[in-house]
Amino acid sequence: MDVLLAFTRPSLDWHALAPELTLLAVGTLITLVDIIWDDRSKRAMPTLAGMGLLATLIPILTLAVDGTERSMFGGAYVVDDFSLVLKALFLISGYVVVLMSVDYIRDGDYYENEYYTLMLTSLLGMVMMSSSRDLISVFVALELLSIPAYMLAAWRKGGSRSNEAGLKYYLMGVFASAVMLYGMSLVYGLTGSTNFDTIAQELGSGPSNSIAILGILFVLIGFAFKVSAVPFHTWAPDTYEGAPTPVTAFLAVASKAAGMVALIQLVFVAFLGRDDVVQPFFWLISALTMTVGNLIALRQTNIVRLLAYSGIAQGGFMLVPFAVAADAPARAIEAVVIYLAIYAFMNLGAFTVVLAVARKTRSGEIDSYAGLFQYAPGLAVAMTIFLAALAGIPPAGGWFAKFGLFRALLDAGGGWAAALGVIVAVNTVIAFAYYARVLMQMWFQPAAEGDEQPIVVTGAIGAALTVTLLATMAFGVLPGLVGHFGEVSVLSALGG
Amino acid sequence: MLLNQFLILGALLFSVGVYGVLARRNGVMVLMSIELMLNAVNINLVVFGVQHGVVSGQVFALFVIAVAAAEVGVGLAIVLLLYRNRTSIDVEDFDLMRG
Amino acid sequence: MVAQNIFFGIIAAIVIVSALRMVTTRNIVHAALYLVAVLGGLGALYILLTAEFVATTQVLVYIGAVMVLFLFGIMLTKAPLGNVMEMTGAQWPIAAVVSVLLGGVTICSLMDHFGSDRLVTDGPIFRTADVSDEVFSTYIIPFEAISVLLLAALIGAIVLARKD
Amino acid sequence: MWMLENAFLIPLVPAISFVVILFFGKRFIGANRVHIVGITALGLVWVLSAVAAFQWTQRVENPSPDAIVEMATHGGDHGDDHDADHGDDHDADLAVVSTDHSGGEHGGGHSSPLIGPVISTFSQWWSNGGIEFAVGTLVDGLTVLLLIVVASISLLVHIYSTEYVKDDRRYVHYYAFLSLFTAAMLFFVMAQNIVQLIVGWELVGVCSFVLIGHWWEEKPNTDAALKAFLTNRVGDIGLLVGMIVLWGTFQTFDIDAINTLISADPGAHHLALLVAACCLMAAVASKSGQFPLHTWLPDAMAGPTPVSALIHAATMVVAGVYMIARLYPVFYEGLSIGTSSINLMAFIGGFTALIGAGLAFAQWDIKKVLAYSTVSQLGYMVMALGVGAWTAAIFHLFTHAFFKACLFLGAGSVSHAAHHTFDMRKMGGLKKAMPHTYRTFVIASLALAGIFPFAGFWSKDEILLGSLVGQKNSYPLMLIFGCAVAFMTAAYMTRVIWYTFHGEFRGHGQPHESPKMMTVPLWILAGMAVLGGVFNLPGPVLEPFGLEGLAHRIQTYAEPSVYLSGLGISHPDPSLNMALVGLALAVSGILVTYLYYWRRIGLHGLTERNSYAKNGYTFLENKYYLDHLYNDVIVKTVKRPIANWANRVNQNVLDRAVDKAGETARDTGRWIYKWVDQGVIDGSVNAAARGADSSGEGLRVIQSGKVQNYGQLLFGSAAVLAIVFVIVV
Amino acid sequence: MEATGFDTWVLSLAVFLPLVGALVMMVIPKAYEAEMKLVALGSSLAALAVGVYLAFQFDYGAAGNLQFVVDKGWIDVINSRYIVGLDGLSLPLLLLSLVVVPLCLIYSWNHVPEPGNTKAFFILLLILSTGMNGTFVSQDMILFFVFFEVVLLPMYFLIGVWGGEERRYASLKFFLYTLFGSALMIISFLALFFLSKDSSGELLHTFDMRVLSDVAGVGIVKSTQVWIFAGLFMGFGIKVPMFPFHTWLPDAHTQAPTVGSVILAAVLLKLGTYGFVRIAIPFLPEGAIAWAPWIGLLAVIGIIYGALACLAQTDMKRLIAFSSVAHMGFVMLGISTLTDFGINAAVFGMIAHGLITGMLFFVAGSVKERFHTLEISRLGGLLKSVPRMGWILGFASMASLGLPGLAGFWGEFPAILSAYNPGAGLPEETFRTYMVIAALGTVLAAGYLLWLYQRTAFGEPPEEFADYEIDDVNRFEWIAWTPFLVGILLFGIWPNLIFNVTDDVVTGITASVEAIATGR
């Protein structure tokens, strides 16, 4: 059987794969522990998951210290600074989500062990995503991170809203996957390869053709769904509202970040030559996303829905640099990565506060925040900082993220970029209008029915708050911290 | 044989799938229609693999099939869950959250 | 060549008609059966395209596993087996327009770009072993990931679907 | 010459007095003894001013070499007194101009050396754009003249007030602000640059505001104060703009430099000077009560009478006249006083003199008669300046200050006796009860009327003479105005004396003479009303006595020949005929009125019988506001021929011009605020917010909650995007 | 001039001391209120002491140069550095800001407005202080931007929590307006970053304001400069506020608590005008020249318009707020002339307006506290019921209407004066017209202020307050107000205290503008 003999064992760089393997091991461990000890293991589960996530950071650190760029399978799977930065980001966000989950999942009627298993699986998908430079890898990573997420959204089994959230997320996700896959098939058809580098060469060299346009468009739409860009955002508010709050935070931050990462790799590696499609597409989508997200957010009364729309709008901001992807690629990547990093912390922080407050008020209505400053000044100040960060007001971290956008736009220059800049500016203003509604409730209103019982902040939530708060403020005051990561991400992603 | 024979078949199948997911009210029917779309993709992948003389098309198609299987499983689980809570699988009923 | 074309024509017709019937029929069990026809037809087409392993998988996974799942789903949800329930929503015209638009632009683009390109029929023929070589070398990581994915889906689906 | 160089001490004294009285008066000195501080300070000021005046005469009599200015190089020569920067700057400016100026005719008739002013600059006041501006003093004859006037009258008013405002609610504030006013006025008259002029100008204005509104519990008083201040502010637009034009033209604030530059090259910058002069005329009109901005002055009588005497008769209101005199080259060149037979200033002055006198007839309030009289006399001075009779104007300023102050204080004394009323209908027959007041009042009235040999006679005569002769042309219209006013002045003063002191007492209570503290100042002022003329007697009068050396003292000492000589101003020779005509007019004015009131001769009841006369009287009596005059006269006489809409225009445009301006501004403000600000501008902002809000609401329709709608959107957008991109790209 | 030794961080000390105070306060439990107040006052006074030290150490002979410069790495990735420095333009404004905050603390000592919470109130004031101080000393655009924005939230909460009836609306409006402006401003900053070239045509890629000021927009074509300037104009113009972006101001002022209004008027508005002088004009001379006539136009419209709006007001505080629009119009007119005269006047005007309007707001606040209303028609006879306060109101009104001898005059008069001879390249006739209109504005200013004074201070106190026990100016108020009053008088009598300091910097700025305008 000469065919068999022809098979050469692929050379695997185990160091490069160490983070994925560690994560996999932890996931497996949790499953095993669950099987063996069953309910008695519940207490240890979050700790295990959290420690596992932190442990996964170790190989990432060693790889970062090592510093060499590792590429496998002809560039299909790459471990470079860009991927390391984002892997770390996913893991840390995951860790914060685990912290948020501890009490929430324990107190609710949830399947606890499986919850963490699925979350780790999803994180594994994200971690893989940031290294994937191949259509198949991207596709599989996407599904790996999405499918557990669909189920997590429906995790509150007894709750109709949660079920519905899961269904909507699932269906929309699958629709988008289908479109994306169709697009991938067309791209594959034109180039004959699944490898991004090859695709870039093939697509970039040929004359413009409708199939290429269609293929690129459909692929991008698939991920636009993932980052909940308008008009593919519709699932997000409903799912966010219905899903368990830590899952919502996970979706709003980690899942969205994964989508962004995929977009970065597609746009800046595979489709960079096709700026005639990519740039207008993102110009349109980002403008729409920001504006629609912000406008609808103005009318929300539920805090989670508000944060959902806010998240959509934030996603729109993140898409802005893609509109100048080819004109200022380095700045654009930098801007997205920086935005992602800062967004992760500020948004997680906001959700943590929501979680903490909901433990007392049992309500998601914005009105229930009335008088928070009176009876829980710490939480109110924390929320204020997070919202200020989201609105982009120094010295809270968000300003630097917005700054990055403007920087990318102006580096690219030109009327379209400037116009988009103005749209961003206007949207910044609209955005504050609804953040301010929360602020007003917290600060300006007396507590409903004079109920001024303080809120008990559990250890885990406190830890989550501390992490996010410190990071948010640190990024605002010393943006160099996060800026550095943005900078190193650029070099390798562009193959430099 | 023309390349387009297959591709257009795929495109038609995809469109029919789109119609199915958008028009059918029964949750299980929606899931079935999804399969149409995914299969349309598979046709494309296989045909293009042949056209370019590479094997990756088939491999891609296999991955799609595998993922599709997982998706169907998950999808059905969710539909069942809903059915249990709401005794309905009519997707038009599920609009508790809106706005 | 002609034979292949005829064969293609027949199968394509079966596929398309079954697909259309599937999305229009009022009987859900019929719909499932039409889906089987579509999937089977496609399996045949894969053979026509010399993709034997894909064809096999198609039959095994789709017709063997997925369809069974669907039938279970139909039964578990106690869907009315006759024409009792309105299967198609009131907004089907919108759905139709959308699908026509989408199909139209795709087909037009395909016609525009590929025109009358002929299918390469003298290319290499890949056997199952070639496929496996590819999977276990270049695509080893996605392959492993798929296994994790299936496991996770399994666990999750069980949790969700089980009665508490 | 020490005093001249350190003249800044003079305003400093009352300024300190102000601070002391205001902040320490009540606590350390005692509320009813603060006048001691004020009077002491003013005494000191008077002494210092006298010293300054003396030193100035010395400077003129025995000029030291550095005091003499040669025309061609003037400007650099008195550089000793400048600090280095200033001098350099100045030289540079002048150098440009003086090259153009080749031997222009100057010194028309001047044989005596030109005496430069004493300019002292002190610490750098402000710097801007690298240029430094100093604060300093400019002392010359004009300055010392004003110093004497201000110091004297202020001192007397201080003394007089100890009785007049005794036990007042705000005795301390009263004296504090008298001191502040004096300081500001003194600062103003010795201003070295135009910025200081502006500063002093405004400060006296605000003191006037405070003192008019001294009894601010009553709304009419505060209304009057506001009106005074705001009217002055209107004029200040002119002041600011005019001064800025001067600065822009000459690139310096230095009064000396500006005057020198103009007189060195009179022809240049005519347009700029015309604009500046016209603008400054607005300021003069507001401050010195010239038509049409005089309406505030009668209202200002709401203040305490001594204040009226000091501020609204003798000093502050002459600030405008002073400014013209100070910047005379600007006006002379700007308005072409030398060459035309009529100009803006002369006309405004003459016209003001006429209508002021006319209005004075119709008043029943004694202070208002005097106020209109002041308006009229100020018009006289402005007219004099407008016809080129600089010295005459200043002479009149000098004499008028004393006799008008005397009249006001006399009126105050009367009201003191007559239960604080100023209504002449409630007086009468006070001659017996108040002999001192009566005598001084009559003396001052004669001086005002211009009866030989009282002070007014001499100064008025010079003005008439100036109009008759003019510079290169005569000013016939001004002469007519002047003569008419001379007649009217005599007449209305006689009327006042009749109503106040003669006949039967019409008030209630027992009138009594005022205490010494009031009568002594009256007598001093009356003395000046008699003797004031001697300071500028014409030569021919003194010749018979062998005292011709004492003739034209004011002309000799006060005239800034160093500025005026370059303009070629001439002084007319005295004319006996003119003097006789003027005297005859005054006497006839007195006579007619005398006959009318004392002898009941004349057209008694004319106003009842004759519709024209009635109209005339109505014209004068009730419409003492110009605005009412406009309103009723125009409306009543032209009512029939002109359609209703025209009336409305009249009413809205001309009616109550000053008040209406304020109301209109307020209405405009309201309208703009309501419609433009809250309506359009803020409205559009809020509309944008509402728009965002409602579009947010509209967009929520997308979020129907039905997953298939979402799917439609997803696939639909994909399709649309695909179509668009395929077609467009 | 790089600083050495103590001087390397003394400036930062002045900026951050209040923040340190705020952080310390945060950890003090609410129960220890007295200690908390002392910490707040102590830290702000310490900052002031540092400010005084700076004022004494400042080399006035070299006021045109930056002193106490610190240049340290900050955000290396975007080439932004922590650069702070003090020159003649910054010094007076920094001192103003340093003085105002402790006075506001003292004023609020026992009078934290409803709903109380001294801790939060004082912390916010201290954070505000850091933001303001930082803005005036930043020499890096990004640093400037950060400080510029830091003031927003504290002020938002001051208005929103401790404000009047309509506080939610007012605070939000204030915030959104400013945010919009600053978003456009940061775009312009970035455009400057990317487009600025040095004289040899090399791209600079720097946010260093010193460098950008030196290159003065060389290499940026005029049309681009105009656009960039437009962005800066929005950012700064809204803050000033210039007509027609002023509508946030009356609402914010009216609703803000007293010290909020005071700080808003005294310092916050100056951030905008400071930005024009420090950034917009020197960096983009050609843009400035192109925009100047329009700025001048808006300025004079603002003067007249603000004054007319004042005449329409029935609320004392709102009237004072609108007067700010008019006064800032004078400041902007001065700036728009692009002459050293005008800009010097503008800087003077900023200080003067800060002191005078701040004082007026203080009085308004105290009146409100005593009479519980600011309706002009309901007030009256203040001179009788609270004579000292009445006098102070009169004094401040006089200063506000530009009475010579008081500070207001030196902002107004030279500004009007400068319009007579605008800078090179500007239309003379246009500016002369502005000059006349601006002069007209002084009359209206006198009109509305005196009218206000007449109706509130003169006359007899209304019946309705007859039963009230009303105290005159109390101890805290005296302490808080005296420096304002002294400042108004002192700067009015001796304007060179400020002119002398600012002159060098301003001359430098206008010289470079003129060099551009006249083609070098």
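**A tour of chains B, C and E**

Select chains B and E: no contact joins them, and their closest C-alpha atoms lie 25 Å apart. Contact here puts the C-beta atoms of two residues, placed from the backbone, within 7 Å.

This is a predicted model: local features need pLDDT of at least 70, side-chain atom pairs count only at pLDDT 80 or more, and totals for chains, interfaces and linings use all residues. Residues are numbered from 1 along each chain as its sequence is written, while chains are lettered from A and ligands numbered from 1 in the order in which they are written.

Chains C and E do not touch either; their nearest C-alpha atoms are 35 Å apart.

Now show chains B and C. Of the eight pairs of chains that touch, this pair has the most contacts. Chain C brings 75 residues and chain B brings 59. On the chain C side, colour α1 (2-24), α2 (28-48), α3 (52-76), α4 (92-114), α5 (128-137) and α6 (140-161), which each give two or more residues. Helices are DSSP runs of H or I, at least four residues, numbered from the N terminus. Stop at α4(C): it gives the most, 13 residues.

Colour that side of chain C by class. It has 55 nonpolar, 15 polar and five charged residues. Nonpolar covers Ala, Val, Leu, Ile, Met, Phe, Trp, Tyr, Cys and Pro; charged covers Asp, Glu, Lys and Arg; the others, Gly among them, are polar.

Select domain 1 (2-81 + 90-126), then domain 2 (127-164); the bounds come from an automatic or database domain assignment. Their C-alpha centres lie 23 Å apart. Four residues of domain 1 are in contact with four of domain 2. The domain 1 side has three nonpolar, no polar and one charged.
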